[in-house]
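User: Can you walk me through this one? I'd like the ligand site and the aromatic rings.

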Amino acid sequence: MSQAHQTGLTQREDEPASAELTDRETGGTVDLPVLEGTMGPAVIDIRSLYAGTGKFSYDPGYTSTGSCKSNITYIDGEQGVLLHRGYPIDELAAYSDFLEVAYLLLHGELPNAGEKNGFVDTITHHTMVHEQINYLYRGFRRDSHPMAVMIGVVGALAAFYHDTTDIEDPKQRMIASHRLIAKMPTFAAMAYKYNIGQPFVYPRNDLTYAENFLHMMFAVPCEDYQINPIHARAMDRILILHADHEQNASTSTVRLAGSSGANPYACIAAGIATLWGPAHGGANEAVLQMLEEIGTVDQIPAFIARAKDKDDSFRLMGFGHRVYKNYDPRATVLRETCHEVLDDLGISDELLRIAMELERIALEDEYFVERKLYPNVDFYSGLILQALGIPTRIFTVIFALARTVGWVAQWNEMIGDPEQKIGRPRQLYTGPAQRPFLPLRERP
Ligand code: SDX
């Protein structure tokens with residue numbers, strides 16, 4: 001009998017596990033099934049809770065709530081484990097590449113040589129965007145934040161693709177998925193080029209996914225652009241490390257939007273909007289801004305004090321995580337990549353020195369140790385992206401580019417789930433009780 005079932009949960013050999021809930025107000029009890037997955041905590045199925053007790057569960061922020069079943073990503077926050085379809089993230093980062101991981105997330109298995117070549121060919125030949133989309137960018141101010149542009153442009157794809165929006169057809173779902181994975185680097189690079197006033201650069205079919213993105217970002221018509229293989233490998237690894245992450249805020253947004261049957265491109269645009277927040281994907285940009293604000297190593301104690309001050313809204317960006325109460329395994333890989341890239345490029349970066357000293361101090365400080373606030377995926381990614389010459393405003397755009405693979409994989413899984421229904425949470429109402437309308441002349 002599994003551990004989950006021994007923790008105060010009843011299970012008679014001949015019956016499935018269950019949890020018995022006693023409502024002390026009414027003395028009534030309700031038997032709730034316990035469902036166990038492949039690994040990790042079992043779940044108490046509370047779908048009959050309201051019918052059985054007349055009461056809702058209450059879990060703002062969903063700290064203890066499983067929203068779905070999924071076969072895609074497993075996280076163990078205590079052990080600092082992240083698996084994609086069972087494969088550890090550090091092994092995927094070391095031995096795979098982003099499109100291979102994309103195939104794995106979408107289809108559940110690593111591709112063989114033929115499958116990989118076919119997938120790479122499909123994605124490569126979908127990287128161009130409809131020429132009309134170029135005009136969409138011109139509707140934005142040049143200084144618009146690139147994430148605002150991405151939300152608008154990706155959402156606009158809903159207006160471009162009518163022919164494959166039958167989301168009940170798995171083939172059409174996969175076409176939409178391929179288009180999104182293929183076009184996100186093109187959109188991202190176009191957002192950057194538009195921001196700096198340079199001409200858009202078309203994708204090239206002879207380059208890898210990461211090489212193509214760097215090419216579209218930094219090539220100019222006036223001269224050939226040489227791909228730096230160290231940059232390309234580092235970019236590919238960053239994309240792998242940001243590809244998917246269980247039911248995080250932006251993925252949950254995509255699932256909720258998709259549960260109504262909404263257009264997939266519009267759902268991904270909603271995911272981009274959610275990721276933009278500084279508490280989520282916007283943290284990598286905020287980490288760089290924080291390091292620049294700290295300025296020098298001797299200023300770190302003052303910022304540590306601010307992070308601990310409840311009256312100060314300042315938080316150490318890049319630290320802490322809702323799930324990881326140990327080191328974020330992606331931060332471990334990114335830390336190594338950060339040193340590799342900076343050493344290879346001969347960059348002795350003051351910001352890296354501040355970051356390393358900040359990490360050292362934070363990991364010794366009782367406040368952070370007690371709250372298990374370790375560096376997360378965003379802490380090092382910004383430093384690497386800066387070393388690759390990526391402007392800070394594009395950091396979260398790259399996070400969205402990578403996470404699109406996770407979003408479309410989770411969206412496909414949800415739409416294909418026979419148990420799937422529209423997401424519709426309830427609430428604890430704390431507003432006024434019913435009262436009669438007050439005519440204007442009688443109001444104080
Ligand atoms: C991502 O969900 C995912 O998987 C997300 C992500 C993904 O791949 O999709 O991993 C990507 O979003 C990583 C997180 C990036 N965000 C940041 O780096 C922003 C800084 N971090 C915090 O905002 C915070 O840690 C969160 C939002 C990440 C997690 O917040 P929780 O789980 O809601 O925790 P909390 O806010 O309740 O904090 C617990 C305590 C509080 O103190 P007490 O009230 O207990 O005294 O820790 C404190 C917080 O004040 N705290 C921090 C802190 N993070 C939490 N104090 C200072 N600095 C911080 N960074």
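User: What should I know about the model and numbering?
Analyst: It is a predicted model: local features need pLDDT of at least 70, side-chain atom pairs count only at pLDDT 80 or more, and totals for chains, interfaces and linings use all residues. Residues are numbered from 1 along each chain as its sequence is written, and side-chain values use heavy atoms, leaving out hydrogens and water.

User: Which residues come nearest to the ligand?
Analyst: H245, G318, H321, R330 and R403, out of 24 around it. Near means a heavy atom within 4 Å.

User: Where is the side chain of K310 relative to the ligand?
Analyst: An N or O atom of that K310 side chain is 2.9 Å from a ligand oxygen. L316 places a backbone N or O atom 2.8 Å from a ligand nitrogen.

User: How much of the ligand does the protein bury?
Analyst: 77% of the 1,100 Å² that the ligand exposes taken alone. Areas use the Shrake-Rupley method with a 1.4 Å probe.

User: Switching to rings. How many aromatic pairs?
Analyst: The count is 14 aromatic pairs. Phe, Tyr and Trp (six-membered ring) pair with centres within 6.5 Å; planes under 30 degrees apart are stacked, over 60 edge-to-face, the rest tilted. Y192 and F218 are edge-to-face, 6.1 Å centre to centre with 70 degrees between the planes.

User: Which residues form a ring cluster?
Analyst: Ring pairs link F319, Y367, F368, F379 and Y380.

Terms used: Polar contact = N/O pair within 3.5 Å; in protein donor to acceptor, adjacent residues only side chain to side chain.
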